[in-house]
Amino acid sequence: MKKKRVLALTALLLVCVFGISACKKNVGTPEDNPQVKEETDEEEQEKYTFGFSGITMENPYFITLESSIRETLEKDGHTLITEDPKQDPDVQVEQIEDMIDQGIDAIFLTPVDWEAITPALEELKEADVKIINVDTQVKEFDYVDAYIGSDNKNAGYLCGKDLVEKLPEGGKVLILECPTMNSINERITGFEEAIADKGFEVVGRSDTKGDLNTALSAAETLLKEHPDVSAIMCGNDPTALGALVAANAAQLQNVYIYGVDGSPEIKKELEKENSLIAATGGQSPIEIGKESAKVALSVLNKEKYARITYEETFLINKDNLEMYGVDGW
């Protein structure tokens with residue numbers, strides 16, 4: 001009997017001990033009672049610092065492109081540092097070195113010279129800065145993490161196709177190009193492919209560096225040598241505007257001038273009844289900017305992304321101008 005009472009007391013004591021243990025809360029060390037901290041989405045998202053280096057911030061295209069990237073990034077709390085190399089490849093390299101020193105995580109880069117930019121690419125890689133190549137490709141493409149740009153060859157091809165339709169008998173052509181910019185090289189290649197074997201002859205060409213004033217001077221010289229040209233193909237819209245001023249000064253009336261960009265300035269010329277601007281290969285710096293920012297964040301966050309992205313290009317002429325408007329891109 002005594003033995004049974006001892007066993008009963010022992011059992012009762014065990015129940016009490018386990019009961020107290022089960023009720024224990026937040027006592028002892030933090031390791032005994034780990035607390036899970038709930039973080040908000042804002043706290044979880046890392047904030048990055050980006051650099052932007054275009055060819056020149058005097059070109060409305062690059063102003064719009066940079067603004068699109070900035071708006072997309074800053075709404076989520078990221079920072080964008082912008083430098084303007086003013087079409088000088090040496091200055092561009094120096095500015096990129098300075099941005100590396102400022103601690104950028106990634107850079108949006110459009111090279112002034114697709115070959116001369118290589119030393120900067122090497123320094124960016126050494127500093128583990130992600131390279132988002134935008135608009136025109138660098139020559140040493142292996143350094144690049146991602147590229148986003150327009151289908152430039154198609155833009156030039158559409159201009160050439162339009163010229164063939166306007167002048168089925170062919171004619172003499174001037175080309176205002178820029179061999180150091182791969183985007184313009186592709187546009188000119190597309191154009192020349194479209195007019196090949198169609199009765200056209202390229203009688204003169206000049207490196208205008210994609211610049212309005214340089215194009216104006218070059219076009220003046222070429223038009224004096226070839227006043228009977230039928231068309232001028234230009235690597236971008238600023239170049240086309242320079243060619244337009246030169247052609248108007250020479251009082252030419254039967255010349256078709258083509259550009260590439262789809263800028264408001266060119267579309268306003270297309271709106272004029274007697275303008276020599278025939279068409280422009282349209283592209284959207286706003287969409288390229290948005291996609292570039294999206295891809296850059298995916299690269300930094302180690303998410304899936306396309307290494308090469310080509311945005312659509314399209315022809316804008318007098319016939320379809322109303323579809324695109326003249327006040328914006």
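1. An open sheet of 6 strands runs in the order S7-S6-S8-S9-S10-S12, with mixed pairing. Strand S7 (200-207) and strand S12 (314-317) are the edge strands with one partner strand each, so one side of each has no neighbour in the sheet. From one strand to the next the twist averages 20°. Helices and strands here are DSSP runs numbered from the N terminus (helices: H or I, at least four residues; strands: E, at least two), and two strands pair if DSSP finds at least two bridges between them.

2. The model is a predicted one, in which local features need pLDDT of at least 70 and side-chain atom pairs count only at pLDDT 80 or more, while totals for chains, interfaces and linings use all residues. Residues are numbered from 1 along each chain as its sequence is written, and side-chain values use heavy atoms, with hydrogens and water left out.

3. Isoleucine 257 faces isoleucine 277 in S10. Helix H6 (residues 152-166) packs on this sheet and touches strand S6 (171-177), S7, strand S8 (231-234), S9, S10 and S12; the direction of H6 makes about 160° with that of S9. Helix H9 (residues 237-249) lies across S6, S8, S9 and S10, also at about 160° to S9. Contact means heavy atoms within 4.5 Å; axes are lines fitted to C-alpha atoms, for helices over the stretch in contact, with angles from 0 to 180 degrees between N-to-C directions.

4. Another open sheet of 6 strands has the order S2-S1-S3-S4-S5-S11, and its pairing is parallel. Strand S2 (79-83) and strand S11 (308-311) are at its edges with a single partner strand each, so one side of each is left without a neighbour in the sheet. Ignoring direction, neighbouring strands of this sheet are turned by 15° against each other on average. Strand S5 (residues 146-150) runs parallel to S11 and is joined to it by 4 bridges, and isoleucine 148 stands opposite threonine 309 in S11. Helix H4 (residues 89-101) lies across strand S1 (49-53), S2 and strand S3 (106-109), at about 175° to S1.

5. For the chain as a whole, the secondary structure comes to 12 helices and 12 strands. Of its 329 residues, 50% are buried; buried means under 20% relative accessible area, exposed over 50%, and partly exposed in between (1.4 Å probe, protein chains only). Of the contacts between residues at least 6 apart in sequence, 72% join residues at least 24 apart.

6. Which residues touch the most other members of the largest nonpolar core? In this core of 47 residues they are Phe50, Leu65, Leu73, Phe108, Ile132, Leu163 and Met233. Helix H11 (residues 285-300) gives the most to the core, with 7 residues. Apart from this core lies another of 27 residues, including Ala240, Leu244, Leu276 and Val326. A nonpolar core is a set of buried Ala, Val, Leu, Ile, Met, Phe, Trp, Tyr and Cys residues joined through side-chain atoms within 4.5 Å.

7. The largest cavity has a volume of about 120 Å³, and among its 16 lining residues Ile55, Asn59, Phe62, Met181 and Asn236 are the closest to its centre. Helix H3 (60-74) and helix H7 (182-195) each supply at least two lining residues, and H7 has the largest share, 3 residues. On a 1 Å grid over the protein atoms alone, a cavity is a set of points where a 1.4 Å probe fits but cannot get out, and a pocket is an open set with protein on both sides within 12 Å along at least five of seven lines; lining residues have an atom within 4 Å of a point. Grid points are joined across faces, edges and corners, and a volume is the space filled by probe spheres set on the points.

8. The largest pocket has a volume of about 250 Å³. Of its 17 lining residues, Glu58, Asn59, Pro60, Leu212 and Pro238 lie nearest its centre. Helix H8 (212-225) and H9 each give two or more residues to the lining, with the largest share, 3 residues, coming from H9.

9. Aspartate 128, in the loop between helix H5 (118-126) and strand S4 (130-134), has a positive phi of about 60° although it is not a glycine. Its relative accessibility is 56%, so aspartate 128 counts as exposed.
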